[in-house]
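Me: Could you take me through the reading of a few features of this model, giving the general idea before the particular case?

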Amino acid sequence: MATASSSRTTPAPAMTPKKKISKDISVLREEILENEQFVVTEAWKHFDFLCKNYILSCLEDGLYNVYSVMKTSRELWNALEKKYKTEDAGLKKFVAAKFLNFKMVDGKSVITQVQELQVIVYDLFVEGMVINEAFQVAAFIEKLPPLWKDFKNYLKYKRKEMTLEDLIIRLRIEEDNKAAEKKSRENSTIMGANIVEQASTSKKRKKSSGPKNYPSKKSSKVIAITVERLDTRLLNVLHQRRTKRKVKQT
């Protein structure tokens with residue numbers, strides 16, 4: 001039995017024109033770009049919202065009401081920067097004037113005042129105004145109080161340069177020496193006062209034991225008159241008693 005072989009011919013697929021394929025691809029790309037752009041935009045809005053509210057949360061209640069109307073964090077930041085940059089410039093001038101006008105006084109510890117001046121120097125550094133160490137040493141020496149005039153002149157004409165730490169050590173030693181001298185003078189004054197007091201006390205004792213302590217003439221006269229009156233009264237009493245006895249005997 002002969003097998004008949006029949007050949008089936010499969011129809012060829014319809015070919016899409018090149019123009020249609022390229023058009024579909026461009027449309028697909030536009031859709032992808034639009035989706036990506038939408039996602040990116042939404043993400044930016046979300047983070048901008050978080051950033052804006054984070055900045056607002058750091059403000060006081062009064063400032064919050066003023067700056068909460070800003071639409072974006074960028075707009076809010078620019079407004080705050082414009083306001084506070086002007087204040088920062090004023091703060092720099094204030095700190096600089098505070099340093100220049102600082103003067104030490106005699107009634108306060110020099111080391112304490114040096115520490116206050118160091119705080120002002122640090123504020124200058126924070127504001128971006130750096131002062132080199134040699135200038136700091138010269139300024140600290142110049143600002144010493146009036147009673148330190150001799151020591152200030154000694155430091156000013158000293159040829160060897162000092163660091164700020166060396167200057168503070170010298171000032172601390174000098175202040176301790178001045179305190180010791182003051183205490184010694186006070187002790188000497190107290191001892192001198194005690195000696196004078198003892199001398200005056202001994203003089204008073206000598207005066208009290210001298211002849212000038214006898215009763216005065218006036219007091220002696222008063223005593224004599226009093227004794228005379230007592231004698232007169234006593235004689236009168238005796239005379240009356242004698243008279244009474246004589247009357248009884250008769």
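This is a predicted model: local features need pLDDT of at least 70, side-chain atom pairs count only at pLDDT 80 or more; totals for chains, interfaces and linings use all residues.

Me: Which residue forms a salt bridge with K178, and how far apart are the closest N and O atoms?

Reply: Side chains of opposite charge can pair when their charged atoms come close. Here the partner of K178 is E174, with the closest N and O atoms 4.0 Å apart. Both K178 and E174 belong to helix α7, which spans residues 164-209, and they are separated by 4 residues, about one turn of the helix.

Me: How many salt bridges does a search of the whole structure find?

Reply: The search finds 3 salt bridges. Besides the one already described, K108 pairs with E116, where the closest N and O atoms are 2.7 Å apart; K108 is partly exposed at 36% relative accessible area, and E116 is likewise classed as partly exposed, at 31%. Another joins the side chains of E142 and K156, at 3.7 Å from N to O.

Me: How should I read the charges on the surface, and which residues gather in a patch of positive charge?

Reply: The general idea is to look for like charges that lie within 9 Å of one another on residues with over 30% relative accessible area and no salt bridge. In this model R241, R242, K244 and R245 form such a patch of positive charge on the surface. One of them, R242, sits in helix α8 (residues 217-249) and is exposed, with a relative accessible area of 59%.

Me: What is the count of disulfides, and are C51 and C58 buried or exposed?

Reply: A disulfide requires two cysteine sulfur atoms within 2.5 Å, and by this rule the count is 0. C51 is partly exposed at 36% relative accessible area, while C58 counts as exposed at 58%.

Me: Finally, how many helices and strands does the chain have, and what share of its residues is buried?

Reply: The chain has 8 helices and 0 strands, and buried residues account for 17% of its 250 residues.

Note on methods. Residues are numbered from 1 along each chain as its sequence is written. Side-chain values use heavy atoms; hydrogens and water are left out. Patches are made of residues with over 30% relative accessible area and no salt bridge: like charges are joined within 9 Å, nonpolar side chains (Val, Leu, Ile, Met, Phe, Trp, Tyr) within 5 Å. Accessible areas come from the Shrake-Rupley method with a 1.4 Å probe; for residues, only the protein chains shown count as cover. Lys and Arg count as positive and Asp and Glu as negative; His and the chain ends are not counted. The place of a charge is taken as NZ of Lys, CZ of Arg, CG of Asp or CD of Glu. Helices (H or I, at least four residues) and strands (E, at least two) are DSSP runs, numbered from the N terminus. Buried means under 20% relative accessible area, exposed over 50%, partly exposed in between (1.4 Å probe, protein chains only).
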